[in-house]
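Good morning, colleagues. Please look at the sequence and the model on the screen, and then we shall turn to its charged side chains.

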Amino acid sequence: MMNILISKKTIFLLFFLSFFNAFWGQNIQLSKDATVSVITCGLGNESYSLFGHTAIRIKDEANFVDAVYNYGAFDFNTPNFVPKFAKGDLQYFAVVHPFTDFISQYTYENRSVDEQELNIPLALKQKLFENLNTSLASGDSHYTYKFIDKNCTSMAIDIINKTLGSTVITKKTDTNLSYRSILYPYFNHHFYEKLGTSIIFGSKVDQLGTKLFLPLELQKSLKLIQYKNQPLAPKNVTLLHFEESHPSSWWNNIYSYLILIALFVIWNKKSIHLAYFILMGILGLFFLFMGFYSNHLELANNYNVLLFNPALLILVFFYSKQNKLWTYRLALFNLFSLLIYLVFLFNKAHLLIVLPLIVTSVYFLVQITLKNKKAIPIII
């Protein structure tokens with residue numbers, strides 16, 4: 001799911017080449033030796049490359065064609081880029097690269113590249129070639145990016161299925177896992193990215209992962225798909241191979257996370273309680289805001305607000321005012337919320353990563369509850 005970052009000048013050039021190729025491609029008849037294939041690129045260490053990338057290659061030496069169609073491009077210089085990405089209305093589009101340029105980029109990035117040639121008749125290869133060029137020329141290649149529902153992988157699948165005339169490419173592996181469980185290993189060696197996505201994603205990612213949206217998942221499924229009683233992609237060829245390299249960071253790891261939480265617990269003062277609850281409450285408000293504001297359905301219905309509870313901010317207010325009765329009531333309310341949260345977390349992939357926060361919250365809230373218990377009015 002790599003996203004190509006390109007300048008405005010590059011975009012103009014690539015669009016010009018795309019339109020030229022589209023116009024020219026309509027008149028090219030692919031030779032019998034032409035091949036079409038799905039390209040799967042390995043994982044990177046940048047946030048936009050953590051999931052890999054999918055592209056389509058058309059190769060025909062007889063016609064001097066060797067092009068890679070990439071549906072993962074966007075303009076980083078788009079006005080209000082960050083708000084648009086957060087809102088979920090950032091426009092992505094397709095570009096076409098000479099294969100040599102494409103492979104050089106991944107060589108530079110030390111990322112593996114695999115190729116799966118599609119076992120389809122020449123007529124369908126020609127149709128796919130024309131569909132790709134028409135998509136570029138007509139603007140159909142522009143789309144609103146959605147993390148699961150619309151990305152470089154799903155767009156490649158859609159145009160291939162359109163060419164084949166039916167939904168041939170479907171998910172064949174890991175259909176019994178949730179999207180959250182499928183995504184979780186991709187954040188290994190990127191701890192705070194894993195923590196951040198764990199707490200900002202809502203209930204959608206807990207659904208069974210029946211959609212193909214990740215490059216490596218597509219690669220695995222293509223090996224198992226039959227088309228007209230023949231394997232659609234009978235073999236995988238490695239074009240580039242690099243051993244995975246992972247960034248080393250003194251702070252982006254579980255140890256800094258646990259040390260920070262341990263410091264909160266060790267200090268264990270009222271000021272620490274207030275700071276901790278304010279931080280948790282503000283994050284909860286942010287999650288609620290994003291759930292309503294963003295068109296990314298992955299952010300909606302976020303039950304993690306039961307841990308990052310905005311009600312903690314009200315607790316902070318009464319706690320700082322030494323209103324023991326309402327401090328006690330709100331502490332109990334937040335403890336009850338955490339109990340419900342644990343029910344939601346049952347069998348979820350992110351249980352362990354948020355467990356230190358749950359334990360810390362419970363520890364602080366129980367202390368506050370016991371200190372303010374005497375404020376309960378006794379009714380005889």
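Is Asp158 buried, partly exposed or exposed? Please bear in mind that we are looking at a predicted model. Asp158 has a relative accessibility of 40% and therefore counts as partly exposed.

The partner of Asp158 is Lys150: the two form a salt bridge, in which the closest N and O atoms are 3.8 Å apart. Lys150 is likewise partly exposed, its relative accessible area being 29%. For these assignments, the partly exposed class lies between the buried class, under 20%, and the exposed class, over 50%.

Let us take Lys32 and Asp33. Their side chains meet in a salt bridge, with 3.5 Å from N to O. Lys32 has a relative accessible area of 69% and is exposed. Asp33, at 56% relative accessibility, also counts as exposed, because the cut-off for that class is over 50%.

Next come Lys59 and Glu61, whose side chains meet in a salt bridge at 3.8 Å, N to O.

Finally, I draw your attention to a group of four residues. Lys171, Asp174, Glu217 and Lys220 are joined by salt bridges into a network.

Thank you for your attention.

Notes:
Residues numbered from 1 in each chain as written. Predicted model: local features only at pLDDT ≥ 70, side-chain atom pairs only at ≥ 80, totals over all residues. Heavy atoms only, no water. Buried < 20%, exposed > 50% of the residue type's maximum accessible area, 1.4 Å probe, protein only.
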